[in-house]
Amino acid sequence: QVQLVESGGGLVQAGGSLRLSCVASGRTFSNYYVNWFRQAPGKERELVAAISENGGSTNYIDSVKGRFTISRDNAKNTVFLQMNSLKPEDTAVYYCNARRVPRSLGDYWGQGTQVTVSS
């Protein structure tokens, strides 16, 4: 079992920055690749960024490329999402998700953290 706790959300003006953290406890975190998802009101949950188990590979959706950076510190069981140049359309609840390959070995979610960007 892996428990995930997100933090770092809040209210920020457009153009501002926030840094989200996802702290894991439980089984060996370095065995999991980690995703950040977000879900805005009335919209489906979407994958924003992903990072491989050792941090050597990252991926982003087009709308956040160049603005968001995902990173991890396996010694501290933590994954970060640095969000710069925030836009109102980034407003959503952001969720951390840790998965094994295959997913049947483990698929865990945090409770989410609210990010609100005002125009």
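## Salt bridges

Lys65 and Asp62 are joined through their side chains by a salt bridge of 3.1 Å, N to O; the term denotes a side-chain nitrogen of Lys or Arg within 4 Å of a carboxyl oxygen of Asp or Glu. The model is predicted, with local features requiring pLDDT of at least 70 and side-chain atom pairs counted only at pLDDT 80 or more, while totals for chains, interfaces and linings use all residues. Residues are numbered from 1 along each chain as its sequence is written, and side-chain values use heavy atoms, with hydrogens and water left out.

Lys65 is partly exposed at 49% relative accessibility, whereas Asp62 is exposed at 63% (buried: under 20% relative accessible area; exposed: over 50%; partly exposed: in between; 1.4 Å probe, protein chains only). In total, the structure holds six salt bridges.

## Buried and partly exposed pairs

A salt bridge also links Asp90 to Arg67, with the closest N and O atoms 2.8 Å apart. This pair connects distant parts of the chain, 23 residues apart: Asp90 lies in the loop between β8 (78-83) and β9 (92-99), and Arg67 in the loop between β6 (58-60) and β7 (68-73). Asp90 is buried at 1% relative accessibility, as is Arg67 at 9%.

In the salt bridge between Asp107 and Arg99, the closest N and O atoms are 3.2 Å apart. Asp107 is partly exposed at 27%, while Arg99 is buried at 10%.

Trp109 belongs to strand β10 (residues 107-109); strands are DSSP runs (E, at least two residues), numbered from the N terminus. The relative accessible area of Trp109 is 35%, hence partly exposed. Beyond neighbours within four places in sequence, its contacts (heavy atoms within 4.5 Å) include Leu4, Phe37 and Arg99.

Definitions and conventions:
Helix = DSSP H or I, 4+ residues; strand = E, 2+ residues; numbered from the N terminus.
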